[in-house]
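Reader: I'd like to learn how to read an interface and a surface patch. Can you walk me through it?

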Amino acid sequence: MSLSRTLLFTLALSLPLVALAASSLPSSLPPSGPKVQILTEGLEYPWSLSFLPSGGFLLTERSGQLVTLGSDGQVLQKLDVNLPEFYAAAQGGLLEVLLADNFAQSGRLFLSYVCGTANANSVCLASASWQDNQLTDVKKIFRATPDRRGAAHYGGRMVQLPDQSLVLTLGDGFDYREQAQNKANHLGKIVRLQQDGSVPADNPLVGQAAVAAEIFTLGHRNVQGIVYDVATGSLWSHEHGPKGGDELNLLQAGVNYGWPVATTGIDYTGARISPFTRFTGMAEPVYQWSPSIAPAGMTLYRGEAFPQYQGNIFITALAGKALHRLVLDGDKVVEEEKLLTELDSRLRDVRTGPDGLIYILTDGPAGKLLRLTPQ
Amino acid sequence: MRRILVFLLAVLLAASAGSMIQSLVNLQAIVALTGPIATAEQLSTLWFDLRHFMPVLAAIFLPIMLLSLVLSRIVLKRATLGKVPAVFVITALSTWAALLIINQLAPMPTLIALNRTLAGTLLLLSCCALGAVFYHYFSRSRSVA
């Protein structure tokens, strides 16, 4: 047998063995990344995404538009919302749109937004009805107090709990960071409200003197991600740190999350904010990022399209320009993967769709709606 | 050459004073939330800020002081004013104007934490103004007796 025939024979014999070996590789090998589809372009600073039960999407643009998209991402309508005392500047404007759990029957939705003026503004929460692609019965049900000057650190994300109460995240107003520890106001807090804006009787500070009874947790800087995991009953949030010290927190009623006393971040000027990175009586973050990634949105994946992502947390990063996938083991993050870095885009929001696919809003004056599908 | 060295020293002193005042004000704000902070922690914070915040403040103060000293010279040539008060007031006003511009341009409402309150702002202006006075005083030619 010639040398070339021997080589060909060996190769032919080895191919099935190579295929067999490849199929028996452990499943712990990293899965191939998701495929990215652009559904919509030309969105003006899109901020929050929700899914209409009839298919299609409802999303907010920070300048004050409520945008209706078809299931293929085509823009069907841009509606100027007429919210009481609406104020848009810098980080402020129309923030989250949250459809009530019974939206399909009631048409009820909730909008968080900035209200007031340049010198006296705050975060407001409105409830409204969505009928025939119009907002009706708009009612302001909550206004965080006190008002602040400047247009930064509003929070504004929302989630509905199984008991129908709403949890709304708020920021410290940037210049008022010490107020995040003051239980008498809403700066730097996460609040829990009934759907009419009233205070649930089982809120953790109800009945205490000189406190804001709406408070659910305190000691936050600027919370722009919150998700409730029905499977575990866990409520997760993340918040922007200053220069460093972005945090992932597991929220529990009445707990103090430390800002600005306990932080690993420093001021943008390089100055130290606090000598403490941890402090007695204040919860430590489950996970943190230094340097900052600027986390801006979050979902906890419980869909079926990506079995390998089951139970993972996905976080969109503005400064980090990536989708961070966190693998959890109970209450601990055991692995982190950065996805979509090739887009080089600031990412604002991430959601799990009813179809189990992952949807993302990019940030900016020409924002996009992206859909992630399995390869 | 001497004037340049004195000017740089003046900027350094003004920024160091500003940095230490901000450290103390920030620490006081944390003390109000936590109770007393150990001296070692306070010194560590002062030193941290001198290494990390002071250079930023010096970079802000340097052009302000330069402009203010030129402006002071022009004003003092045209008006009969006390030199030290004139340099102090002109530099303080320049610093105030510069902080307003910086805060307009910066993404956050107030870049320097000390600038968040009126008292803190006045202290910041005073640091820069005293730096300019220091330069004015020590940069003059002196006759040898």
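This is a predicted model: local features need pLDDT of at least 70, side-chain atom pairs count only at pLDDT 80 or more; totals for chains, interfaces and linings use all residues.

Reader: Where do I start with the interface? How big is the area buried between chain B and chain A?

Author: The size of an interface is often given as the accessible area lost when the parts come together. Here that comes to about 2000 Å², with carbon and sulfur atoms giving 63%. B:L33, B:P109 and B:R116 supply 28% of the area that chain B buries against chain A, more than any other three residues. As for contacts, 23 residues of chain B meet 23 residues of chain A.

Reader: And the polar side: how many salt bridges and polar contacts are there between chain B and chain A?

Author: The count is 1 salt bridge, plus 8 residue pairs in polar contact. The salt bridge pairs B:R116 with A:E178, the closest N and O atoms being 2.9 Å apart. On the side of chain B that touches chain A, α1 and α2 (39–52) of chain B each give two or more residues, and α1(B) gives the most, with 7.

Reader: Now the nonpolar patch: which residues make it?

Author: B:M1, B:I4, B:L5, B:L8, B:L62 and B:L66 do, over about 610 Å² of surface. Both α1 (2–34) and α3 (54–78) of chain B supply at least two residues; α1(B) gives the most, with 3.

Reader: Where is B:M1 found, and why does B:M1 count as exposed?

Author: B:M1 is in the segment before α1 of chain B. B:M1 counts as exposed because its relative accessibility is 74%, and the cut-off for exposed is over 50%.

Note on methods
Residues are numbered from 1 along each chain as its sequence is written. Chains are lettered from A and ligands numbered from 1 in the order in which they are written. Side-chain values use heavy atoms; hydrogens and water are left out. Patches are made of residues with over 30% relative accessible area and no salt bridge: like charges are joined within 9 Å, nonpolar side chains (Val, Leu, Ile, Met, Phe, Trp, Tyr) within 5 Å. Accessible areas come from the Shrake-Rupley method with a 1.4 Å probe; for residues, only the protein chains shown count as cover. A salt bridge is a side-chain nitrogen of Lys or Arg within 4 Å of a carboxyl oxygen of Asp or Glu. Helices (H or I, at least four residues) and strands (E, at least two) are DSSP runs, numbered from the N terminus. Buried means under 20% relative accessible area, exposed over 50%, partly exposed in between (1.4 Å probe, protein chains only). Contact means heavy atoms within 4.5 Å. Buried area is the accessible area (1.4 Å probe) that two parts lose on being put together, summed over both. A polar contact is a pair of N or O atoms within 3.5 Å; within protein, one must be able to donate a hydrogen and the other to accept it, and residues adjacent in sequence count only if both atoms are side-chain atoms.
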